[in-house]
Amino acid sequence: MTQRAHVPWLYLLVPLAFLVAFTYVPVVSMVVHSFTDWDGLSRDREFVGAENYVDLFTRPQLFQVFAVSLFYLAGALLQTGLALYFATVLSFGTRLRGLFKGIFFFPYLINGVAIGFVFLYFFQPGGTLDTTLAVFGVQPRLWLGDPDLVNTSLAGVSVWRYAGLNLVLFLGAIQSIPPHLYEAATLDGANRWQQFRHIIVPSIKPIISLCVILAVSGALSVFEIPFIMTGGANNSETFVIQTIKLAFTFNKVGLASAAAVVLLVIVLLVTWLQRTLVPEERVEQS
Amino acid sequence: MTARHALAAFLKYLSLVLASVAVVLPLLAVLLTSLRTSEEATAGRNPLAAPADWFNLGNFAIAFTDGQMARALWNTTFILVFALIGTVLIGSMTAYAVDRFHFRAKKLVMALFLVATLVPSVTTQVATYEVISALGVNGTRWAPILLYTGTDIVAVYIFLQFMRSIPVALDEAARIDGAGSLTIYWRIVLPLLRPAIVTVVIVKGVAIYNDFYIPFLYMPSEKLGTISTALFRFKGPYGAHWEVISAGTVLVILPTLVVFLVLQRFIYGGLTAGAVK
């Protein structure tokens, strides 16, 4: 009996070593760095107390990057709405359902750099978007060059990329609704809107709320698309781009760590909020 | 009545077609441009006009050789193979230990894995960089391999869920026949986990193939370009040559399209399972 007690640990040794080395050690050392003025290179570092946090919250750029994430948040809400509409439409006996589902989902699988290039070309002055809109009499615009427009364009790319995932998640949830509910509703004379409002929405509410919460933490940690497409130039810098630049371009590891800790705390807070607001039971199967 | 139904159906299909056009149009423009000659591409014509020669594959040749796509493909494959083997072994071992044994700190171990799912890896990169440097693998292909292997907690959950459906009686029977825990893991549990392994390999494989951030940060050398970082380098030298950039982009998207068409069923199931966890 005593001999077998160590057996599970033989299997857990390597997994736990990886978990500690690549998740817990970084989190702890990040918190430690956030109270120092370390530049990431030199041997010595000085303890500076909460200075980095004070610095962070008094930087005017900070509000700028949070304002940028509002664009992505709005995009994510639009994306949830679109996905909900198309998931509902596709679940009510539509022809070529598999084809439409495939078309909407495919962008989610595409390489981020490829998506960046596809849309750099799409938004070019005189490019695909301008040409297409010209048919409807819309004037060409600087989709990525205009500081007032760039974040809307980039958030649009994000919607294009992720809406399909939401759609497939919703579709899966809608399909697990027992068909007799619709039959009963139809017998009672309920129309499509009423079925949507009173059967579909309540049944998939947990997954909708999950998507909304994912949208919030996703909007705060946007990185790839703006980094690849604009490099954060022209008013499009996000919180993560700023953090990466502080750490690896300006060698302000202390300040960057403080920024990363703030983001981590926000994400944990949002997740905790979701877990408390939405009961756990449903996540099992989807 | 029927007129109203017809109108509703028309609007429904109209919205579906419009949305599909919005999805396909940006991709189509890149595909068409990849087939143009450089004079055609710079002439400032309609980006959706048909290319003069539908079989002009010259840009693909330039993109493939000058963009060092062969090397990128090799590096990505190397990383994929080791990271996938590592992920499957780590995930299945964890699931085996947690599901098949009773030990005191089990709840603590589970909590450690659970809390780790909440930490977005993009935020901790500042400090992860140090760990990778301390291990002496910064600037090698082992940096991404270790990071992909070591931070995949979703895989642990997929394995754990599947492990519960494998009857414990099978282990018991083998144990009575004198099999040790390693034999049970290797000969019984791992083979039966095959459907879960397929899911993990697909989800993880797509994520690794598409990842830009980790190779960009840890393998800045041009020799160690992956699919993502090699494509990213097109931005400089080909800045004005959209026909070459487009060809490179199409080359990167094409394998994804093929995999999607062949493995559709697994991909929908696997990726949604990964996203919800």
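## Helix H3 of chain A

Helix H3(A) is followed by Gly93(A), a residue whose phi is positive, near 30°; helices here are DSSP runs (H or I) of at least four residues, numbered from the N terminus. This is a predicted model, in which local features need pLDDT of at least 70 and side-chain atom pairs count only at pLDDT 80 or more, whereas totals for chains, interfaces and linings use all residues. Residues are numbered from 1 along each chain as its sequence is written, and chains are lettered from A and ligands numbered from 1 in the order in which they are written.

The 32 residues of H3(A) should span 46 Å at 1.5 Å a residue, and the end C-alpha atoms are 48 Å apart, which agrees; the expected span is 1.5 Å times one less than the number of residues. Within H3(A), which covers residues 60–91, lies Gly81(A). Gly81(A) counts as exposed because it has 12 C-beta neighbours inside 10 Å, the cut-off for exposed being 12 or fewer other C-beta atoms within 10 Å, with C-beta atoms placed from the backbone. Leu167(A), although 86 residues from Gly81(A) in sequence, is 9.6 Å from it in space, C-alpha to C-alpha.

## Contact between the chains

Chain A gives 67 residues to the contact and chain B gives 65 residues, where two residues are in contact if their C-beta atoms, placed from the backbone, lie within 7 Å. On the side of chain B that touches chain A, the elements giving two or more residues include helix H1 (2–34), helix H4 (69–100) and helix H14 (242–276). The largest share of that side, 13 residues, comes from H14(B). By class, the side of chain B that touches chain A has 44 nonpolar, 19 polar and two charged residues; Ala, Val, Leu, Ile, Met, Phe, Trp, Tyr, Cys and Pro count as nonpolar, Asp, Glu, Lys and Arg as charged, and the others, Gly among them, as polar.

## Helix packing in chain B

The axes of H4(B) and H11(B) come within 10 Å and cross at roughly 140°, axes being lines fitted to C-alpha atoms over the stretch in contact, with angles from 0 to 180 degrees between N-to-C directions. The residues of the contact of H4(B) with H11(B) divide into ten nonpolar, four polar and one charged.

Terms used:
Buried ≥ 20, exposed ≤ 12 C-beta atoms within 10 Å, placed from the backbone.
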